[in-house]
Amino acid sequence: MEEIYLDNAATTKPYPEVVTKMKHTLTKAYGNPSSLHGKGLKAEKLIKVARKEVADQLKVKTDEIYFTSGGTEANNLAIKGAVSALHRYGNRIITSSIEHPSVLNLFKRLEDQGYDVKYLNVDQAGIIDLEQLEKYLTDETILVSIMGVNNELGSIQPVAKIGRLIADYDNLYFHVDGVQAFTKLDIFPAKLGIDLYSISAHKIHGPKGVGALYIKDGTRIDNLISGSKQESGIRPGTENVSGIVGFGAAIKEVKREDSTAKMSRIKKLLVNRILNEVEGSTLNGPTIEQGVSHIVNISFAGIKGEILVHSLEKDNIYVSTGAACSSRLATPSYVLEAIGVKNDLIEGAIRFSLSSQTTKQEINYTVNRLKEHITTLKEIIQR
């Protein structure tokens, strides 16, 4: 096969319609949306259309959506902005031990600055301990930040239950990193008690370099950047018009597909074939039914994941050893450590992440080649 791309949790291939609309924006509608002339007004109109697509997908109001440069900035804006706005009400902030680095590293920095940070444990499926969360909640708590879907395991956090747990606390915001959940799960912030919700375009076949943050009406956050009044002053700076247009176009295309049901079937085929046909393979994290439809993490005993990644790449099959933001680091996955995976199996872990474009033929070919590579690698090791 020409190419089999199974690293969609890292980034996705943009839809052709996204590329077409971005090209049109870059070459025809290239005005500054803050300009008063026709070119500027046209660019401003395109942003409004895209903002409505995002808002409609989340079932929120358009003026609650603020465009950013991506999920990392959206997470930072939500967390730093909320903590800065609420610090006079308390000092405690809560997150989990398996968050994305854009959240976890920020919480560690806030801890160094004197904030009382509580890190929630997770079980073997990567799900937080709700009783521990309830124990940590006090009148001094100002922020709870929990990702909707873990980017390495595909664990789905009980967002609705968290929202209900913290609903009675004053001056406490609930932030959800929804980057891996957006368009995959029906998480509607306004209905679940979520005050801040981060998303990114390049995880849903849109362009890199653009994301958005939902900020519930009445939620007070301080901006991170000083400048003019773009994005209502929350995120000043000339908007990435072509990227925003591409984001809106990607959402439009996602709506046309029954992608979640298809990916669930493909995921089941992948996991069942590997576990039944590859000796020493172990599913990490949630069961097939528990996890999100597009992410699978499997360890292969006695094989280093990095070597397996490069072996499959020779067949134009692209997978990863974990999150793209951490895969180049020499340290073991803190996510797999948190769920109790042994070190030797952490070294042999591979993340497969699917898209609506993934086919059964691609999965069957991948598993067949995977089996052959593992057999060859084990023979080399035994020599």
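**Close-up views of the predicted model**

**View A. Apart from residues within four places in sequence, Met 22 is in contact (heavy atoms within 4.5 Å) with Pro 207, Ser 242, Gly 243 and Gly 246.** The model is predicted: local features need pLDDT of at least 70 and side-chain atom pairs pLDDT 80 or more, while totals for chains, interfaces and linings use all residues. Residues are numbered from 1 along each chain as its sequence is written, and side-chain values use heavy atoms, with hydrogens and water left out. Met 22 sits in helix α1, residues 16-27; helices (H or I, at least four residues) and strands (E, at least two) are DSSP runs numbered from the N terminus. Its relative accessible area of 18% places Met 22 among the buried residues (buried under 20%, exposed over 50%, partly exposed in between; 1.4 Å probe, protein chains only). The C-alpha atoms of Met 22 and Phe 247 are 9.4 Å apart, although 225 residues separate the two in sequence.

**View B. Glu 231 and Ser 232 lie in the loop between β8 and α8.** The loop runs between strand β8 (211-215) and helix α8 (241-255). Glu 231 is buried, at 7% relative accessibility, whereas Ser 232 is exposed, at 60% relative accessible area. The side chain of Glu 231 makes a polar contact of 2.8 Å with that of Arg 51. A polar contact is a pair of N or O atoms within 3.5 Å; within protein, one must be able to donate a hydrogen and the other to accept it, and residues adjacent in sequence count only if both atoms are side-chain atoms. Beyond four places in sequence, Glu 231 touches Arg 51, Ile 65, Tyr 66, Phe 67 and Glu 239. Phi is positive at Glu 231, near 50°, and positive at Ser 232, near 60°. Most residues other than glycine have a negative phi.

**View C. His 294 is found in the loop between β9 and β10.** Strand β9 spans 281-284 and strand β10 spans 295-300. His 294 is buried, with 1% relative accessible area. The side chains of His 294 and Gln 180 are joined by a polar contact of 3.1 Å. Residues up to four places away in sequence aside, His 294 touches Gln 180, Lys 184, Met 263, Phe 352, Ser 353 and Leu 354.

**View D. Glu 140 occupies the loop between α5 (130-136) and β5 (141-147).** With a relative accessible area of 45%, Glu 140 is partly exposed. Glu 140 touches Tyr 89, Gly 90, Asn 91 and Arg 92, leaving out residues up to four places away in sequence. Glu 140 and Arg 92 are 5.7 Å apart from C-alpha to C-alpha and 48 residues apart in sequence.

**View E. Helix α3 (residues 71-86) packs on helix α4 (residues 101-112) at an angle of about 30°.** Their axes are 9 Å apart; axes are lines fitted to C-alpha atoms, for helices over the stretch in contact, with angles from 0 to 180 degrees between N-to-C directions. This angle makes α3 roughly parallel to α4 (under 35 degrees; over 145 is roughly antiparallel, 65 to 115 roughly perpendicular and the rest oblique). Thr 72, Asn 75, Asn 76, Ile 79, Lys 80 and Val 83 of α3 meet Ser 102, Val 103, Leu 106, Phe 107, Arg 109 and Leu 110 of α4. By class, the contact of α3 with α4 holds six nonpolar, four polar and two charged residues; Ala, Val, Leu, Ile, Met, Phe, Trp, Tyr, Cys and Pro count as nonpolar, Asp, Glu, Lys and Arg as charged, and the others, Gly among them, as polar.

**View F. The axes of helix α9 (residues 259-277) and helix α13 (residues 360-382) cross at roughly 20°.** These axes come within 10 Å, and α9 and α13 are roughly parallel to each other. Their crossing is right-handed. From α9, the contact is made by Ile 266, Leu 269, Leu 270, Arg 273, Ile 274 and Glu 277. From α13, Lys 360, Ile 363, Asn 364, Val 367, Asn 368, Leu 370 and Lys 371 take part. The contact of α9 with α13 comprises seven nonpolar, two polar and four charged residues.

Key
A crossing is left-handed if the near helix is turned anticlockwise from the far one by less than a right angle, and right-handed if clockwise.
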